Amino acid sequence: MAIAERTAGTVSPPSVSVRPGWAGWLSTTDHKRIGIMYLVSAFVFFLIGGIEALLMRIQLGVPDNTFLTPDVYNQMFTMHGTTMIFLGLMPLNVGLGNYMVPLMIGARDMAFPRLNALSIWLFIFGGLMLYVSFFVGGAPNVGWFAYAPLTQKQFAPTAGVDYWIIGIGLTGVASIAGALNFIVTILNMRAPGMTLNRMPLFVWMQLIVAFILIFAFPVLTVGTIQLLFDRHFGTRFFLPNLGGDAVLWQHLFWFFGHPEVYILILPTMGIISEVLPTFSRKPIFGYAFVAYSGVAIGFLGFLVWAHHMFAVGLGPLANAFFGAASFLIAVPTGVKIFNWLATMWQGSLHLTTSMLYAIGFISMFVIGGISGITLASPPINVQQTDSYYVVAHMHYVLFGGAIQGIFAGIFYWFPKMTGRMLNERLGKWQFWLMLVSFNLTFFPMHLSGNEGMPRRIYTYESEMGWNLWNLLSTIGSLLLAVAFLLFLWNVLTSIRRGSIAPADPWDGATLEWSVSSPPPVYNFAVTPRVRSRRPLWDEKYPHLHEVNGSHETPAARLRGLLYDGAEGEMPMAMEPIHLPSPTYAPLIVSVGIMILGFGIIYLGDFGVIAASAMLVGLLIMATGILSWVRISHVDSPYQAH
Amino acid sequence: MNTLPRSFLRWSRFLLLIGMSVVIAACGNNPGNTYDPYGDNARRIYELLIPIWWMALGVFVVVEGLLIYAIWRFRRRAVGAAMPAQVHGNTQVEILWTIAPAIIVLVIAVLTFRTQAENAVMPDDALRIKAIGHQWWFEFQYPDLGAEGKPVVTASDMYIPVGRPVTVVLESQDVIHNFWVPKLAGKTYMIPGKTNFLTFTAEQPGIYRAVCAEFCGEAHALMRFRVIAVDEAEFNRWIEQKKTPPSAPAGMLTVNGLTGDAARGQAIFLDARKQCIACHAVEGTNARGQIGPNLTYYGSRQTIAAGILPYSPDNLDRWLRDAPKLKPGNLMSRVLTPQWIKANLSDQEIADLVAYLDSMKVSVTLPPER
């Protein structure tokens, strides 16, 4: 308040708000633009990852095929997994979160807008570095899980693994910075009255994911740096013949890798927890149970990593523990599914494309959850692990689940982000085509896996009896590609010619629908006051608002009242709007870090040149940091309209 | 409404047909089918899967049924339909559907732990076989059955007796591999620097397909082996022959239009300049290479190059000439390139080599392929 009084009236509209054209994007610190950059770049990577998958499916369409060489095939599945997880799904979720979280909590930006810009650039450069490997000796070919000691230089001599380490490292820094940003934003920048128990569930899930991320990702970073040192600087962390331990890598990797699954799926559970109530015209059923089952999943997610290692020989006791912990996850997951069903129950279901995708999420995620149960059982697991059954399971979770959830979110929020509606008819065609072809692609994999088809093989013999399943999968994957082309076409045409989106096209309940589509750069001219879980809904339908409804605890109600009581003291219209200035500093820092990364990759082989590159990178980075520090206190607030 | 049951009937008949054909296909005796177990370990796993499968089907039907019913029953029938009741939750049903899945997984856990305990038993009288993973082939040693303390060593074909527990001692020479005989037992990793154990009993004689199931580099897909389960008497007959070195080679064999001479082939094989013995061993000769597979009694192998080609002199001839194409990345052709082979081995010499390798045979009555 003191700041508000000091700055009000002394500062006129800002000298610089948004630079025009490309410069505007390169220098932006606006969470909305950064969100769009995440979504667009992640979608491009996603399409590339999809092309890699198609090439693999073409190779496996018939037995004894020679379309790809084994080495190219190995590069394809390594890059497909790495791309989809680190450069596709994760940043798609981050992009939606980046755009929506501040809007949903009534904030004007993320807590650290420049750090936010650093995250997007590090992510993009990390992704590009991974793909540079194709042109300098071959992409990584050791699997996205990079099991030691296959990753050691004697077995993987190309620089592909090094590019993988540095590329993943950059996106990892981006993710950790992003997670801290989300945590601070969500905990500190909610509009007055928005207690934790009034937060939209999407925000809840983003908060949980951010916490998972800061505990899980550093473990991967440590592991990959150890691997880098093994490869180049004479350490032997993962070299068994020199006193290291190959299994150590698996523990480090899966301690990250399993929570990573929840990093991918929880935000999409958040999305459908927004979409289902909106299109059922009811509040979410069991808000607290949905929120806290997310917390439970996030917590349990750290106790189950060794279920990826049941065949490693950790012993029956360890396997039993990790099996039991994995079974437990079925409980909070079941709770979520039943609450979603109950949300739809006796609602007035509006079957928009977004809603179809949310329903598709539930129906397919259930199948992924069921196959997860058999995989969590150690004895069954040792038959199914490393077979196509796992490929089926994982795609039912991450494609049938996460991707469909993301589509639900994109069809839901596209109007908000662009001011244009996506074509619903095209969207529904896409949904049905995708649902059918998804099942055609991945359902047969359950069968080929249980009939003995191992993963990561570039060819198989005709007499193994997997021909039909593989052919069906390949046909399905080609149809899936058509579904994605439909979506691409839909976006490209709708963004120019789609019908104009009103502020609140779906009769939504949360704050993002209270501002124009697309929102102004400052989001809210006046910071909203929040008195319930559905602030906009209760404003639109005051007669439906249950002030004393069972959905709020007495404590939360009390906190809400305190905010309401303070209302009179707050300036409502004259509040100056504080927005960060655009700056190139994060971009410059990221370029520096990337050059540093190139230097590290070649330090072992071309010492002098690489060291000079590192020096140049450090200098660029230092320049960026200096300019970052200099501009950090010259942000110009401007007057509300 | 009258047509609904009829079309429903038609659809369900159609779905039943699809379902049945899937089940029939799934139960076919494909060589790698885990639904078709011939070993106690794999059978117990299969028997655990069945009740879990039924529970899973129940969950699937309930959830998808509720979902489809909700869509059909509660979909908005008109624009401006009445606002539904704003129900926020119900603690009793929350408790109910927290406990229900908990009970289901508890049952599954109890069944799981029982099977786990049964499959972890390692009887003292089990036959020990050491299996070592290499990029990209499997080596097998019988440490307790060799002559004069030397184990019987072979590769790619693992002979076991039917009805007697076998404990496979799993190790790796280079990277992580994964030992998988789908019809006999679940997978166990072969990890460098770590020793793993897997016990199972083959219940029926048979030749069982087996693979490396963990990605292990370029030719991972081509790293296979066979488990040949024969009755105890036949197994003992096999091991007795394996203990004795092959007798002096003799005989002629027509390969690729040329007549190979086994005795001449042995001389070429043992000629250090031809490089064979740098990596390969044959018992009873000076060939003591340890890097590649032991070739003693090679003529009785089921396959060439770790399960990728059926064994025949013609295929062996192909393999010697065309190894990089047949198995990309394999160590032999990385060292002895096709150019090197062309320069150092004439067609006649290759025919002689094939004749030699083919001349070393053990006599075993082979069981059927499973």
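Helices here are DSSP runs of H or I of at least four residues, strands are runs of E of at least two, and both are numbered from the N terminus. Please keep in mind that what you see is a predicted model.

I begin with chain A. Its secondary structure amounts to 19 helices and zero strands. With a radius of gyration of 25 Å, close to the 26 Å that the globule rule gives for 641 residues, chain A is as compact as a globular protein of that length. Its C-alpha trace spans about 75 × 65 × 50 Å along the principal axes. Of the 641 residues in chain A, 59% are buried. If we consider contacts in chain A between residues at least 6 apart in sequence, 83% of them join residues at least 24 apart.

Chain B has another composition: ten helices and 14 strands. A compact globule of 370 residues would have a radius of gyration near 21 Å, whereas the value for chain B is 28 Å. Along the principal axes, the C-alpha atoms of chain B fill a box of roughly 95 × 50 × 35 Å. Buried residues account for 44% of the 370 residues of chain B. Among contacts in chain B with a separation of 6 or more, 68% are between residues 24 or more positions apart.

How do the two chains meet? On the side of chain B, 74 residues are in contact with 80 residues of chain A. Four elements of chain B each supply at least two residues to the side that touches chain A: helix 1 (3–27), helix 2 (40–74), helix 3 (91–120) and strand 7 (185–190). Helix 2 of chain B gives the most, with 16 residues. By class, this side of chain B has 44 nonpolar, 21 polar and nine charged residues.

I turn now to a helix pair within chain A. Helix 5 (residues 113–132) and helix 6 (residues 160–188) of chain A pack with their axes 8 Å apart, at an angle of about 160°. Angles over 145 degrees count as roughly antiparallel, and helix 5 and helix 6 of chain A are therefore roughly antiparallel to each other. Helix 5 of chain A passes helix 6 of chain A in a left-handed crossing. Residues making the contact include A:Leu118, A:Leu122, A:Phe125 and A:Gly126 from helix 5, and A:Trp164, A:Gly167, A:Leu170 and A:Ala174 from helix 6. The residues of this contact divide into 15 nonpolar, eight polar and no charged.

Finally, two individual positions. The C-alpha atoms of A:Gly193 and A:Thr69 are separated by 60 Å, and the two residues are 124 residues apart along the chain.

A:Ile403 is buried because 25 other C-beta atoms lie within 10 Å. A:Ile403 and A:Gly88 are 315 residues apart in sequence, but their C-alpha atoms are 9.7 Å apart in space.

Thank you for your attention.

Definitions and conventions: Residues are numbered from 1 along each chain as its sequence is written. Chains are lettered from A and ligands numbered from 1 in the order in which they are written. This is a predicted model: local features need pLDDT of at least 70, side-chain atom pairs count only at pLDDT 80 or more; totals for chains, interfaces and linings use all residues. The radius of gyration is taken over C-alpha atoms; the globule rule is 2.2 Å times the number of residues to the power 0.38. A residue is buried if 20 or more other C-beta atoms lie within 10 Å of its own, exposed if 12 or fewer, and partly exposed in between; C-beta atoms are placed from the backbone. Two residues are in contact if their C-beta atoms, placed from the backbone, lie within 7 Å. Ala, Val, Leu, Ile, Met, Phe, Trp, Tyr, Cys and Pro count as nonpolar, Asp, Glu, Lys and Arg as charged, and the others, Gly among them, as polar. Axes are lines fitted to C-alpha atoms, for helices over the stretch in contact, and angles run from 0 to 180 degrees between N-to-C directions. Angles under 35 degrees count as roughly parallel, over 145 as roughly antiparallel, 65 to 115 as roughly perpendicular and the rest as oblique. A crossing is left-handed if the near helix is turned anticlockwise from the far one by less than a right angle, and right-handed if clockwise.
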